[in-house]
Amino acid sequence: VDASDRSVVVVDYGVKRNILRALASTGAKITVVPADTTAGAILARNPDGVVLSNGPGDPAATGAYAVPEIRKLVDSGKPLFGICLGHQMLALALGAKTVKMDQGHHGANHPVKDLTTGKVEIVSMNHGFTVDRDSLPEAVTETHVSLFDGTNCGLALKDRPVFSVQHHPEASPGPTDSLYLFQRFADLMRA
């Protein structure tokens, strides 16, 4: 899918260059904005989609200022794609909880199952918090799980073009196992 007539705003909580590269490969025009940019300022750019980037730290701490803005982005109906910290803060914005893990996930050989396709991908992970699956509200579907410990690795809203993953789809342990997620995002912007 060519998204060359689409514009994406990336909210930078600590974004990796390769995420921008993978997004650019769909052809979309990308604008990166600081982490504390308001939903109003983001929506004023009238993007076709918004990416909530990865970043360091406790999602609840960054979420203190980010979650209310993410909630407004969800309410806007725009396609939304969260990665790692962005996934965790999206979950918080949707009403779920995050918990500190006994054993964080770090490394480039983590098997994750995409429950929407049944496919297993080998992914790169770097996180110490996880979304508590038992806290996911009714409107949220779990889309990805870790085959190491069964923790949540992805979610989607049932009634909106909103989804996220815990792992880093821009990293290449697979080497291209997870790049379809950028395509999925481009397809949502098209729809």
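**Strand pairing, cores and charged pairs in the predicted model**

Histidine 144 has glycine 154 as its bridge partner in strand β8. The model examined here is a predicted one, and this pairing belongs to a set of five bridges through which β7 and β8 (residues 152-157) run in the antiparallel sense. In the hairpin that these two strands form, five residues lie between the strands, and glycine 150 adopts a positive phi near 75°. Strand β7, which spans residues 140-146, is mostly covered, six of its seven residues being buried.

Strand β5 also holds histidine 105, a residue that is buried, with a relative accessible area of 5%. When neighbours within four places in sequence are left aside, the contacts of histidine 105 are with His110, Met125, Asn126, His127, Ser146, Asp149 and Thr151.

These strands belong to an open sheet of nine strands with mixed pairing, in the order β2-β1-β3-β4-β9-β8-β7-β5-β6. Strands β2 (29-34) and β6 (119-131) stand at the edges with a single partner strand each, so one side of each lacks a neighbour in the sheet. From one strand to the next, the twist averages 25°. In another part of the sheet, β1 and β3 run parallel and are joined by four bridges, with valine 8 standing opposite glycine 49 in β3. Helix α1 (residues 17-24) packs on the sheet, where it touches β1, β2, β3 and β4 (80-83), and its direction makes about 150° with that of β2.

Strand β9 (residues 162-165) is covered on both faces, with Val162 and Ser164 buried on one side and Phe163 and Val165 buried on the other. The pairing of β9 with β4 is parallel and extends over four bridges, and glycine 82 stands opposite serine 164 of β9. With β8, by contrast, β9 runs antiparallel and is joined by three bridges, alanine 156 having phenylalanine 163 as its bridge partner in β9. Strands β8 and β9 form a hairpin in which four residues lie between them.

The largest nonpolar core comprises 29 residues, of which Tyr13, Leu52, Ile70, Leu80 and Leu90 touch the most other members. Two or more residues of this core come from each of β1 (7-12), α2 (39-44), β3 (49-52), α3 (59-76), α4 (85-93) and β8, and α4 makes the greatest contribution, with six residues. Apart from neighbours within four places in sequence, leucine 80 is in contact with Val50, Leu52, Leu73, Val74, Leu90, Pro161, Val162, Phe163 and Phe185. A second, separate core contains 20 residues, including Ala3, Ile19, Ala22 and Ala186.

The count of disulfides is zero. Cysteine 84 is in no disulfide, and the nearest cysteine sulfur to its own is that of cysteine 153, 9.9 Å away. A disulfide requires sulfur atoms within 2.5 Å, and the separation of cysteine 153 from cysteine 84 is therefore too far for a bond. Cysteine 84 is buried at 3% relative accessibility, and cysteine 153 is also buried, with a relative accessible area of 0%.

Side chains of opposite charge can pair when their charged atoms come close. Seven salt bridges are found in the structure. One of these joins the side chains of arginine 184 and aspartate 114, at 3.1 Å from N to O. Because arginine 184 lies in helix α5 (residues 180-190) and aspartate 114 in strand β5, the pair ties together parts that are 70 residues apart in sequence. Arginine 184 is partly exposed, at 24% relative accessible area, whereas aspartate 114 is buried, at 1%.

A further salt bridge links glutamate 138 with lysine 158, with 3.4 Å between the closest N and O atoms. This pair connects distant parts of the chain, 20 residues apart, since glutamate 138 is in the loop between β6 and β7 and lysine 158 in the loop between β8 and β9. Both partners are exposed, glutamate 138 with a relative accessible area of 68% and lysine 158 with one of 52%. Salt bridges with shared partners also join Asp5, Arg6 and Arg190 into one network.

Definitions and conventions
Residues are numbered from 1 along each chain as its sequence is written. This is a predicted model: local features need pLDDT of at least 70, side-chain atom pairs count only at pLDDT 80 or more; totals for chains, interfaces and linings use all residues. Side-chain values use heavy atoms; hydrogens and water are left out. Buried means under 20% relative accessible area, exposed over 50%, partly exposed in between (1.4 Å probe, protein chains only). Two strands pair if DSSP finds at least two bridges between them. Contact means heavy atoms within 4.5 Å. A nonpolar core is a set of buried Ala, Val, Leu, Ile, Met, Phe, Trp, Tyr and Cys residues joined through side-chain atoms within 4.5 Å. Axes are lines fitted to C-alpha atoms, for helices over the stretch in contact, and angles run from 0 to 180 degrees between N-to-C directions. A salt bridge is a side-chain nitrogen of Lys or Arg within 4 Å of a carboxyl oxygen of Asp or Glu.
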